[in-house]
Amino acid sequence: MSDEVLLRATDIVKNFTLRSKKLGQRSIVQAVAGVSLEVRRGETLGIVGESGCGKSTLARCLVQLMPVTSGTVEFNGTKLTGLSRRRLRPHRREMQLVFQDPYASLNPRRRVGDIVAEPLRINKYGDDQRIKERVEELFRIVGLDPASVNRYPHEFSGGQRQRIGIARALSLNPSLVVADEPVSALDVSVQAQVLNLMADLQRELALTYVFIAHDLGVVRHVSDRVGVMYLGELVELGDAETLYERPLHPYTEALLSVVPELDDGTRPKRERIVLTGDVPDPSDKPSGCPFHPRCPVATELCTTTKPALVELTAGRSVACHYPRHST
Amino acid sequence: MRSSTSSTPFSIREFDLPDETASTQPLLEVDDLRVSFATRGGVVQAVDGLSLQVGRREVVGIVGESGSGKSVAMYSLLGLVRDSNVTITGRVRFEGRDILGLPDQEMRSIRGHDIAMIFQDPMTALTPVYNVGWQIAEQIRAHGTATKQQARTRAIELLGEVGIPDPARRIDQYPHEFSGGMRQRVVIAMALSCNPKLLIADEPTTALDVTTQAQILDLMSTLQDSYNSSIVIITHDMGVISEMADRVVVMYAGRPAEIGAKRDVIRSPRHPYTWGLLGAVPRVESKRSRLVTIPGTPVSPLDVPAGCAFGPRCDYRFDACSERPALRGDGGHQDACWLDERQKVAIRQRVESSIGSENAS
């Protein structure tokens, strides 16, 4: 891992317009509300958050699968936001996505070899023979039998399908892979295989990952740094180890405290902080700090003033008026 | 399987047992349950010899990957799996009474009344076309003599108990007006409406976020205390088991691989599949290291290998594994593996120390 910044997102906002209950009226959901982050070359940045917090939308904005409402995304020094589709294309090769559902992300009517070959064909990788060799090589890289290129997705198990999705993402030798919940649809034993595969590939191919998941254990396992999202905002960002050990934001602290842990008797149990209520409706966000209605330490200030994400110590940022463990 | 805690002879078959006898007799006994489906591709043996007992006020966790037969086992003992292509054999006794193959009419008086179920997906478990009050009251009225008004009052009470704010207003709302966690609370309120003796929860928190999951698990524990129910919780999450269960059944390919007290199974697991399951879970508390993987994929139920079902994926298989191992073991901790006790302890220590050294490096 180096300090070179591969991807820089500055103040990304993504709004969706909703049809409202009343005819003719429109309301806006701010799915991503001003997220700034950097991804360094060779690292894995994990993004965690509960459903509806905007983590998938953020992923799609980062790789420009979706236009941002405002803000900029810079990749390798080039500003991607505002580029035409044509201009964007050479950069797309460099950043690929692995999707959550290995059943929905592979076309059931195409042979898996063709699915993996498609990016190669589109980008004119070479003649048929070269493409065929590359596909077989990719199958070997992700641990599939190259002889199975002529089979269809339904002939594969969930874990194997996710390997096909990974092979497709790697076909053009990207430098950045954004994985959106790549293992949440898999059984634990298969999940472990895919996570180990992704770790091996990262080392061998010098990949940079943005790894999005709701499972805090998985994110800790794969990430060098972790960002925590709540209602479209990044509320905490820091190196994985210290963030998990000494969370600064009360939300992170609560989130970590309630993950069901295996009580194997080797360490004391964390004190559980069970939050009350639900995540508020993102189209009707609370004033001030978005977390204040559920926050155990909120004060008057939190209801009126929104805390900015500030770097508290080197590499650790938090958006909270009263960060924990800070002294 | 017959654990030492239940040595009472089953000559007593009366319905209303005195309390002392009741507490020594398990609430639910499943003996050699087998469920098979005749499909076009062949016979699928979904549950293949499951025996287990659930004591009063006990929480039993059933853990396994998808397709291990954990849900089918529970559905079929409730009479929810009915089809001409299904064959169910074995014996299921609830409070000493055989309930497998009871006529519909009689089963209906047990289901929802004595044994209630919480389903995984609270959206599909509730009908979208009636308000939640109607759905809860329906169950109360079906199993008792309550009037409409009494049922409604009880429904409001129940919603309050499961932690839904302003229940008197919420009762007239429809499922889509509730969040996922709130819907699961409604489903729990419904399950509790008849004060069931046994609650079967099929992945009750899998569809929920962690913070909501914590709320629901807490709620289930609190209610278990106040209602004195027993719970069977089906899950694939060893963490949930660790938090909720007294006893654990680990299932693989429709068969129990290991059964024991939670503490024994989690701290000194004996079956190689359990080692794999425990090692494969990335933990919040532990440092970054390589995960233990189980090679291959879960077995296809159409093609369960002869002998030990886990054999083809097991690193420690040997000649004996070509024959199917029975559950054996002392006291309450049993497992179905041919390795002898000493070998298992040695292997486990070796694996654990290798993980430990990797963590340190």
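**View 1. Strand 1 of chain B pairs with strand 4 of chain B in this predicted model.** Strand 1 spans residues 28-39 and strand 4 spans residues 86-94. The pairing is antiparallel and runs over eight bridges. V35(B) marks one of the contact points: I88(B) is its bridge partner in strand 4 of chain B. Strands of a sheet pair through backbone hydrogen bonds, either parallel or antiparallel.

**View 2. Strand 1 of chain B also pairs with strand 2 of chain B.** Ten bridges join these two strands, again in the antiparallel sense. A hairpin of two residues links strand 1 to strand 2. Which residue of strand 2 is the bridge partner of V35(B)? V47(B) takes that place. V35(B) therefore has a bridge partner in strand 4, I88(B), and another in strand 2, V47(B); strands of a sheet pair through backbone hydrogen bonds.

**View 3. R57(B) has a positive phi.** The angle is near 65°, in a residue other than glycine. Most residues other than glycine have a negative phi. R57(B) sits in the loop between strand 2 (42-54) and strand 3 (59-63) of chain B.

View 4. E181(A) belongs to the loop between strand 7 (176-180) and helix 6 of chain A. E181(A) has 19 other C-beta atoms within 10 Å, so this residue is partly exposed. The cut-off for a buried residue is 20.

**View 5. Four strands of chain A form an open sheet.** The strand order is 2-1-4-5, with antiparallel pairing. Strand 2 (26-40) and strand 5 (78-79) stand at the edges. Each has a single partner strand, so one side of each lacks a neighbour in the sheet. Strand 4 (residues 70-75) meets strand 5 through two bridges, antiparallel. E74(A) stands opposite K79(A) of strand 5.

**View 6. The largest nonpolar core has 195 residues.** L62(A), V178(A), V210(A), V232(B) and V250(B) touch the most other members. Helix 8 (residues 180-192) of chain B gives the most to this core, with eight residues. Which residues does L62(A) touch, leaving out those up to four places away in sequence? They are L7(A), A9(A), V73(A), V178(A) and V210(A). In soluble globular proteins, nonpolar side chains tend to be buried together.

**View 7. Chain A meets chain B.** The contact involves 36 residues of chain A and 37 residues of chain B. On the chain A side, the elements giving two or more residues are helix 6 (188-205), helix 7 (216-222) and helix 9 (250-257). Helix 6 gives the most, with eight residues. By class, this side has 16 nonpolar, eleven polar and nine charged residues.

**View 8. Chain B as a whole.** The chain holds 13 helices and eleven strands. Of its 361 residues, 47% are buried. Among contacts in chain B with a separation of 6 or more, 64% link residues 24 or more positions apart.

Methods:
Residues numbered from 1 in each chain as written. Chains lettered and ligands numbered in written order. Predicted model: local features only at pLDDT ≥ 70, side-chain atom pairs only at ≥ 80, totals over all residues. Contact = placed C-beta atoms within 7 Å. Nonpolar A, V, L, I, M, F, W, Y, C, P; charged D, E, K, R; others polar. Pairing = 2+ DSSP bridges. Buried ≥ 20, exposed ≤ 12 C-beta atoms within 10 Å, placed from the backbone. Core = buried A, V, L, I, M, F, W, Y, C linked by C-beta atoms within 7 Å.
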